[in-house]
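I opened the notebook to record what I looked up in this structure.

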Amino acid sequence: MCIVKVFAKNVKEKRISLGLSQERLALLSDLDRTYIQSIEKGKRNVSLLVAEKIANAFNIPVEDLIK
């Protein structure tokens, strides 16, 4: 599986496991809700800075989102 799809799957699974809506994750990571949605669908090739923002919102290392 390509890294974009792995990242997308991991973000969605982590968000759901924490009981967060896409809107709440967007607020916590200072991103737009529609951007979160497109990330979770694997339609975005996110930058390292965006990956870090999402990981920080989850309070996990970035590496956990790309494993």
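**Entry 1: terms.** I need a definition before the angles: axes are lines fitted to C-alpha atoms, for helices over the stretch in contact, and angles run from 0 to 180 degrees between N-to-C directions. I also note that the model is predicted.

**Entry 2: H2 and H3.** I looked up how helix H2 sits against helix H3, which covers residues 33–40. Their axes come within 8 Å and cross at roughly 110°. Angles of 65 to 115 degrees count as roughly perpendicular, and H2 and H3 are therefore roughly perpendicular to each other. On the H2 side I listed Gln22, Glu23, Leu25, Ala26 and Ser29. They meet Arg33, Ile36, Gln37 and Glu40 of H3. I sorted the residues of this contact and got 3 nonpolar, 3 polar and 3 charged.

**Entry 3: H2 and H4.** Next I took H2, residues 22–29, with H4, residues 48–58. The axes of H2 and H4 come within 8 Å, and the crossing is at roughly 110°. H2 and H4 are therefore also roughly perpendicular to each other. From H2 the contact uses Leu25, Leu28 and Ser29. From H4 it uses Lys53, Ile54, Ala57 and Phe58. The residues of this contact divide into 5 nonpolar, 1 polar and 1 charged.

**Entry 4: serine 29.** Is serine 29 buried or exposed? Its relative accessibility is 2%, and the cut-off for buried is under 20%, so serine 29 counts as buried. Leaving aside neighbours within four places in sequence, I found serine 29 in contact with Ile36, Lys53, Ile54 and Ala57. I also checked serine 29 against asparagine 59: they are 30 residues apart in sequence, and their C-alpha atoms are 11 Å apart in space.

**Entry 5: inside H3.** Which residues of H3 are buried? I noted Tyr35, Ile36, Ser38, Ile39 and Glu40. Their cover includes H1, H2 and H4. After H3 comes glycine 42, with a positive phi near 75°.

**Entry 6: valine 4.** I then turned to helix H1, residues 3–17, where valine 4 is placed. Valine 4 has a relative accessible area of 21%, and it is partly exposed. Not counting residues up to four places away in sequence, valine 4 touches Gly42, Arg44 and Asn45.

**Entry 7: the whole chain.** How many helices and strands does the protein chain have? I counted 4 helices and 0 strands, and the order from the N terminus on is α-α-α-α. The C-alpha trace spans about 25 × 20 × 20 Å along its principal axes. For 67 residues, a compact globule would have a radius of gyration near 11 Å; the chain has 10 Å, which agrees. Of the 67 residues, 40% count as buried. I looked at contacts with a separation of 6 or more, and 53% of them join residues 24 or more positions apart. The accessible surface is about 4300 Å², and 52% of it belongs to carbon and sulfur atoms.

Technical notes
Residues numbered from 1 in each chain as written. Predicted model: local features only at pLDDT ≥ 70, side-chain atom pairs only at ≥ 80, totals over all residues. Heavy atoms only, no water. Helix = DSSP H or I, 4+ residues; strand = E, 2+ residues; numbered from the N terminus. Parallel < 35°, antiparallel > 145°, perpendicular 65-115°, else oblique. Contact = heavy atoms within 4.5 Å. Nonpolar A, V, L, I, M, F, W, Y, C, P; charged D, E, K, R; others polar. Rg over C-alpha atoms; globule rule 2.2 N^0.38 Å. Buried < 20%, exposed > 50% of the residue type's maximum accessible area, 1.4 Å probe, protein only. Areas by Shrake-Rupley, 256 points an atom, 1.4 Å probe, with all protein chains shown as cover.
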